[in-house]
Every structure is written in structure tokens, then in C-alpha cells.
Amino acid sequence: MEYLAGKPKIKILEDNNNYLKVVIDPLYRGYGITIGNALRRVLLSSITGYGVYAIEIKGITHEFTTIPYVYEDVPQIIYNIKQLVLKGNLERDKLHLHVKGEKEVKAKDIDPNPNIEIVNPDLHLFTITDKKGEVEMLLYVKRGFGYLLDSENKEPGFPIDTIFIDTNFSPVKKVNFEVSSSDVAPFPKREKLTLEIWTNGALTPRESVKEAINILNYYMGILSELKVEEEKKEISVELLPLSTKVKKVLISEGIETLSQLKKEFLSGGLKDLKGIGEKYLSEIEDVLKNYSEEAEEESILNRSIEEVATELSISMDDLNVLKLGGVKTLKDLIKLSHDDLLSEKFNLSSKVVKKIENRLKKWNLSLRKEISDEA
């Protein structure tokens with residue numbers, strides 16, 4: 001489909017592994033900066049790449065030190081390691097380096113890893129100044145985007161001597177764009193966009209542009225549907241048809257929702273709970289079987305009002321009033337508002353309504369909100 005100024009033409013002025021210069025012409029007035037700015041922002045912030053985020057150096061416990069018989073201190077070595085340009089095919093991996101003797105150590109001295117390609121193998125890492133020198137290190141690599149500080153890279157489970165470092169994952173080094181008069185249509189209603197992209201070689205500028213456009217298309221696709229997804233409510237364990245003792249044990253162990261119960265059941269964690277024997281495990285299994293993923297919420301909301309009256313602290317008199325008012329299920333109840341229950345039709349006391357609201361809240365449910373309440 002040709003918008004506003006007709007279908008723009010693409011002219012490639014230069015294209016190699018690290019640099020791309022392209023002209024898009026003609027564009028309707030204003031679209032040069034609209035497209036150029038959107039692409040520039042995504043290219044600089046969101047293109048994925050690989051980087052070293054943690055280092056272990058044998059015999060070194062912190063980064064503010066030196067390594068025997070090595071010319072550079074550890075901060076300088078870390079700076080050089082940050083200049084590594086990497087390609088990969090896994091989310092995470094490691095690189096190992098072990099060198100001995102007097103020599104200049106470069107990136108190509110790192111042990112080969114079939115999952116990681118070092119794009120700049122001639123990168124200088126450090127210099128061992130004596131034949132007695134020996135350095136062994138492990139470099140932790142992961143896939144990411146943008147720039148992460150060392151504090152953001154920190155993860156549990158690493159050896160205590162691990163040095164976490166800042167990581168720049170972006171393969172895009174620089175992006176420029178310029179908007180000027182169109183070469184094929186009259187100004188000011190037509191214009192052209194000249195876009196220049198520089199990368200570090202881990203990704204070509206063409207690949208970067210393609211990824212940036214995919215990211216923009218993803219968000220535009222969501223926006224184009226304008227579909228509001230309802231937040232899925234967590235079903236409380238208290239609403240499940242389990243015995244009181246089982247519910248008490250589960251809640252005391254912090255298992256308060258159906259999804260938590262499913263997770264613990266499938267992982268076998270329930271067997272370790274004190275008070276949950278084979279009999280109760282069987283009871284839980286039967287209940288879980290009856291609540292399919294699609295119908296679980298509907299099944300619970302269709303429980304009769306008599307069935308949940310005690311749990312909602314509703315007296316027999318109030319229960320009869322609700323039933324006479326057409327409330328047969330929990331679903332019917334949550335369709336009513338606070339004011340509905342106080343109205344002449346039900347005439348429940350504010351204390352009773354408050355109790356019902358508090359109990360529903362514990363189950364992640366609520367009475368219908370009035371429009372004025374939502375405003």
C-alpha cells in the first residue's frame with residue numbers, strides 16, 4: 001500500500017559488515033524524522049548481543065590488585081576484556097583462558113568454544129613479562145541487550161572470588177540520520193531520509209535494522225489489535241473443595257493459591273509438608289484433576305452461595321435474603337456492588353457487607369465496583 005507520498009525507494013550508498021548508508025526517498029513531510037528517530041532509538045537500545053559479565057581469575061580475590069609477572073593491573077585487564085566482540089548461539093556460556101610464560105596475550109589465546117565466536121581475535125588482553133608468569137581465568141558470557149552495570153549482572157551461586165563487571169551487549173556502535181529535500185518530488189511536502197549505522201561486527205548493520213524493525217512490528221502489532229487482556233485472577237486455596245485441615249496446612253506453609261498448589265504438587269514438594277500424608281495427597285490430586293486450566297475459575301465461581309456462606313461469614317437470615325434476591329452462586333454475588341447489598345433489596349448491614357468484601361479480597365475476588373468508585 002502506498003501511503004501519502006507514494007512508495008519510497010531504497011538506495012544503498014555503502015554496505016559492509018560494519019557500516020551501512022541508505023537513503024529512503026520520497027517520504028511525506030514529517031515521516032523522515034518519525035522513521036529515522038524510531039529506528040535510531042531501537043537500534044541503540046534494544047539490539048541483542050553477547051558480552052562478558054563476570055570473570056574468575058585464579059588466585060585473585062578482588063579487582064583492585066595485580067597479577068604476578070603481568071604488566072597490566074586487573075582493572076586494565078578487565079577494561080580490555082570488555083572490548084571483546086562475541087557472537088554466540090546459546091543464552092549463556094563460558095570462555096576459558098590459560099597462558100604461561102613471557103608473551104603478549106590476545107583474544108585468540110582463549111580456548112576455542114564451538115558456541116562462541118570471537119570477532120576480534122587480535123585484541124590485546126595483557127602481557128606476561130616473565131617466563132614464570134601464569135594466568136588462568138574463566139569468562140562468563142551471556143546474551144542481552146543495552147548496558148548492564150556490575151550490580152545488575154550479579155547473580156547468586158557464583159564462587160566468592162567472582163568479579164562481576166559492566167557489560168555493553170549492543171553490537172550497534174553509532175546511528176545517524178538526516179532529513180533533507182527529496183530528490184524525486186517537490187519540497188516541502190516530500191523529503192528523504194539518509195540513515196547511517198555502524199556496528200562492531202558481531203552483527204551487520206543490515207541484520208541490526210531487520211531486528212529493530214521486528215521489535216517495532218511486535219509492538220505495533222499489539223497496538224493494532226487494541227485488545228485489552230483481563231488480568232487473570234489467582235484462585236484462593238480456601239475456595240477449593242478441600243478439607244479444612246488440608247487448607248490450614250497449605251495456608252500455614254504459604255501455599256495460598258491454586259497455581260501455587262499445582263506447582264508444589266507437580267514438584268513433589270507437598271510430600272515434605274508436615275500433616276500432608278498419602279490420604280490428603282490423594283484428596284488434593286482429585287481436586288486438581290477437576291479444575292482444568294480453562295475452567296478452573298469458572299468452576300469455583302459457580303459454587304453455590306450456600307456452599308460458601310460459612311466461609312463468607314454470612315448468617316442463615318442474610319443467606320436467605322441473598323437467595324431471595326437472586327444470588328445463587330458466588331458468581332452472582334460478585335456481580336453485585338457494595339451499594340447493591342446495602343440497598344432495600346438486600347438490606348444487609350454495613351458490617352456484614354464489609355465482612356463479605358474482606359473475605360472476597362482474601363480470595364482475590366471483589367464485589368462489582370461502581371463507575372464512580374473507579375473514577
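View 1. I222, which belongs to helix α4, has a relative accessible area of 45% and is partly exposed, a label for values between buried (under 20%) and exposed (over 50%). The model is a predicted one, in which local features need pLDDT of at least 70 and side-chain atom pairs count only at pLDDT 80 or more, while totals for chains, interfaces and linings use all residues. Residues are numbered from 1 along each chain as its sequence is written, and side-chain values use heavy atoms, with hydrogens and water left out.

View 2. Helices (H or I, at least four residues) and strands (E, at least two) are DSSP runs, numbered from the N terminus. P205, S208, V209 and A212 are the buried residues of α4, and they line one face of the helix because, seen down its axis, they fall within an arc of 95 degrees, taken from the directions from the helix axis to the C-beta atoms. An α-helix has 3.6 residues a turn, so residues three or four places apart point the same way. K210, Y218, S224 and E225, on the other side of α4, are exposed. The cover over the buried residues of α4 includes β2, α1, β13 and β14, where contact means heavy atoms within 4.5 Å. After α4 comes L226, whose phi is positive, near 50 degrees.

**View 3. Helix α1 and what covers it.** Helix α1 (residues 31-46) has 16 residues and reaches 22 Å from its first C-alpha to its last, close to the 22 Å expected. G32, G36, L39, V42 and L43 are buried in α1, and they lie on the same side of the helix because they cover an arc of only 140 degrees around the axis. On the other side of α1, I33 and R41 are exposed. Among the elements that cover the buried residues of α1 are β2 (19-28), β13 (172-181), β14 (190-199) and α4 (205-225).

**View 4. Salt bridges between side chains.** A salt bridge is a side-chain nitrogen of Lys or Arg within 4 Å of a carboxyl oxygen of Asp or Glu, and by this rule the count comes to 10. One of them joins E91 to R143, with the closest N and O atoms 3.3 Å apart. This pair links distant parts of the chain, 52 residues apart, with E91 in the loop between β4 (86-88) and β5 (92-100) and R143 in strand β9 (residues 134-145). E91 is exposed at 51% relative accessibility, whereas R143 is partly exposed at 36%. In another salt bridge, K192 meets D183 (3.0 Å, N to O); K192 counts as buried at 16%, whereas D183 is exposed at 58%.

Key:
The expected span of a helix is 1.5 Å times one less than its number of residues. Buried means under 20% relative accessible area, exposed over 50%, partly exposed in between (1.4 Å probe, protein chains only).
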